[in-house]
Amino acid sequence: MSAPVLSRPTVGLIALALVTALVALDALRAEPVDPFTVPPPSALGSGQAPSGAHCSAG
Amino acid sequence: MLARRLSLVGFGLVLVVATFSWAGPRAALLVLIGLGFGLVLEGLRFGFAGPWRVLVTERDARGLMAQLLAIGATAAVALPLLAAAPGELAGAHAPVGIGMILGAFVFGAAMQVAMGCGSGTLVNAGSGNLVGLVALVGFVGGSFAGTLHLGWWTGLGSLPVITLQGVAGHGGGLVLTLAALALVGALAWRHALPGRRLPPGRLWLAAGLIAALALANLAVAGQPWGIVYGLGLWGAKVAEAAGADLAATAFWSAPANAERLASSVLTDVTSLTNIGLLVGAFLAMRWRRAPDAPAAALSAAGWGAILLAGLVLGYSARMAFGCNVGAFFSGISTGSLHGWVWFAAAFAGSVLGLRLRDLVHGLRPVAVAERPA
């Protein structure tokens, strides 16, 4: 048994749809972003310690 | 054709503007950087798993040379930047340990089976490769599952975090990093067949662009380019939406991770670049006059094997403190010893994975065109 072969544009659109669904689901559940507390455009020169999470961190 | 390309440009701009309006300028810049990664990786066919494969099977070192060039160019700027702004920027530094080495070895094997690494899986999915999309679903699940057991794996034993700049000073760390990259390049050069040593112009350009984007990522995000954390976070958010109580887990109850879990995914730097990367790969694929042939037609067992390989990729990347991007590329280019150990272990695993790959893809019922991962 083999799955039907989907074209690349179709599969690409499915990938985009899945990511969109994830962001939409998250928007319903997560705290909304406060536009007055978003970080400055660049960490370099901001004077702030990096606060993001990275795969190299436990 | 022109209308389609204009609409693709418009789509990319809308994505960046929408992110800006929703999550602010840094988030928009990170999506833009991610778009750049996707466009370069897919548009210029710059990969990680494929070049490692052909180095072994065809004695072709051109792709690996391009990787080393990109890492070296990034390190040449990133290490001085980290030294100049230690309060604002952080490297991809992690401890070398038993679980980390085992994870890297398994990751190297799995990436040859799934025909994609961390970035490659996202690129493949975005560019319409069904194998990549199935592997990505597994990757998300695996990297989330890996967070649940990370404490156990690190408890097997690990060294403290060691960086080359910590051992040899800032200047010495950069010299050591570039010298080690040159040594690997020399070994690859010696192993490769004549005519398969120097990268073509396309890969020189790609290496330069990847380095520039990686440095932009470091300056904007305050941390190096990464993939796995964001995918694990996506899995955690899906699990939580399905009713899982992650507050009881060590990883997701840690303050930094709990904050990411509670906050919008559009505030997580690796999620933002991952989204941009996937969309960028899609745009590059649609930019072409005609898309490549569909990439896969597998038996049910073959699809199961790809899903499992994706799961293993994600889990092992979490064990290894990163994938080819977070550990290999970003670890080495910011001086972390774990990046070098990851490289050695993953390359050894990759050799094993090439044998497994033949078994899995032998389940394929029809011949299909393959593209570099």
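Me: In this predicted model, the axes of helix H4 (residues 62-84) and helix H8 (residues 164-191) of chain B come within 10 Å. Why is H4(B) called roughly antiparallel to H8(B)?

Reply: The two axes cross at roughly 175°. Angles over 145 degrees count as roughly antiparallel. Therefore H4(B) is roughly antiparallel to H8(B).

Me: Which residues make that contact?

Reply: From H4(B), they include B:Leu64, B:Leu68, B:Ile71, B:Ala75 and B:Leu79. From H8(B), they include B:Gln165, B:Gly173, B:Leu178, B:Leu181 and B:Ala188. The residues of this contact divide into 13 nonpolar, 6 polar and no charged.

Me: How many residues along the chain separate B:Pro80 and B:Thr334?

Reply: They are 254 residues apart along the chain. Their C-alpha atoms are separated by 9.5 Å.

Me: Why is B:Met115 called buried?

Reply: B:Met115 has 29 C-beta neighbours inside 10 Å. The cut-off is 20 or more, so B:Met115 counts as buried. Its place is in the loop between helix H5 (98-113) and helix H6 (118-126) of chain B.

Me: What is the phi of B:Met115?

Reply: Phi of B:Met115 is near 55°, a positive value in a residue other than glycine. Most residues other than glycine have a negative phi.

Me: Phi of B:Arg45 is also positive, near 55°. Is B:Arg45 buried or partly exposed?

Reply: B:Arg45 has 17 other C-beta atoms within 10 Å. That count lies between the limits of 12 and 20, so B:Arg45 is partly exposed. The loop that holds B:Arg45 runs between helix H2 (25-43) and helix H3 (49-57) of chain B.

Me: How do you know that the radius of gyration of chain B agrees with a compact globule?

Reply: With 373 residues, a compact globule would have a radius of gyration near 21 Å. Chain B has 19 Å, which agrees. Its C-alpha trace spans about 55 × 50 × 40 Å along its principal axes. Of the 373 residues, 60% count as buried. The secondary structure of chain B comes to 16 helices and 2 strands.

Me: What radius of gyration does chain A have against a compact globule of 58 residues?

Reply: Chain A has 19 Å, but such a globule would have a value near 10 Å. Along its principal axes, the C-alpha trace of chain A spans about 55 × 30 × 25 Å. Buried residues make up 24% of the chain. Chain A has 1 helix and 0 strands.

Me: Which residues have the most contacts inside the largest nonpolar core?

Reply: They are B:Ala104, B:Phe107, B:Ala110, B:Leu278 and B:Leu313. This core has 138 residues. Beyond its neighbours within four places in sequence, B:Leu313 is in contact with residues including B:Phe107, B:Ala110, B:Thr121 and B:Phe139.

Me: How many residues does each chain bring to the contact between chain A and chain B?

Reply: Chain B gives 68 residues and chain A gives 43 residues. On the side of chain B, the largest share comes from helix H13 (residues 269-287), with 8 residues. That side divides into 41 nonpolar, 20 polar and 7 charged residues.

Note on methods. Residues numbered from 1 in each chain as written. Chains lettered and ligands numbered in written order. Predicted model: local features only at pLDDT ≥ 70, side-chain atom pairs only at ≥ 80, totals over all residues. Contact = placed C-beta atoms within 7 Å. Helix = DSSP H or I, 4+ residues; strand = E, 2+ residues; numbered from the N terminus. Nonpolar A, V, L, I, M, F, W, Y, C, P; charged D, E, K, R; others polar. Core = buried A, V, L, I, M, F, W, Y, C linked by C-beta atoms within 7 Å. Axes fitted to C-alpha atoms, helices over the stretch in contact; angles between N-to-C directions. Parallel < 35°, antiparallel > 145°, perpendicular 65-115°, else oblique. Rg over C-alpha atoms; globule rule 2.2 N^0.38 Å.
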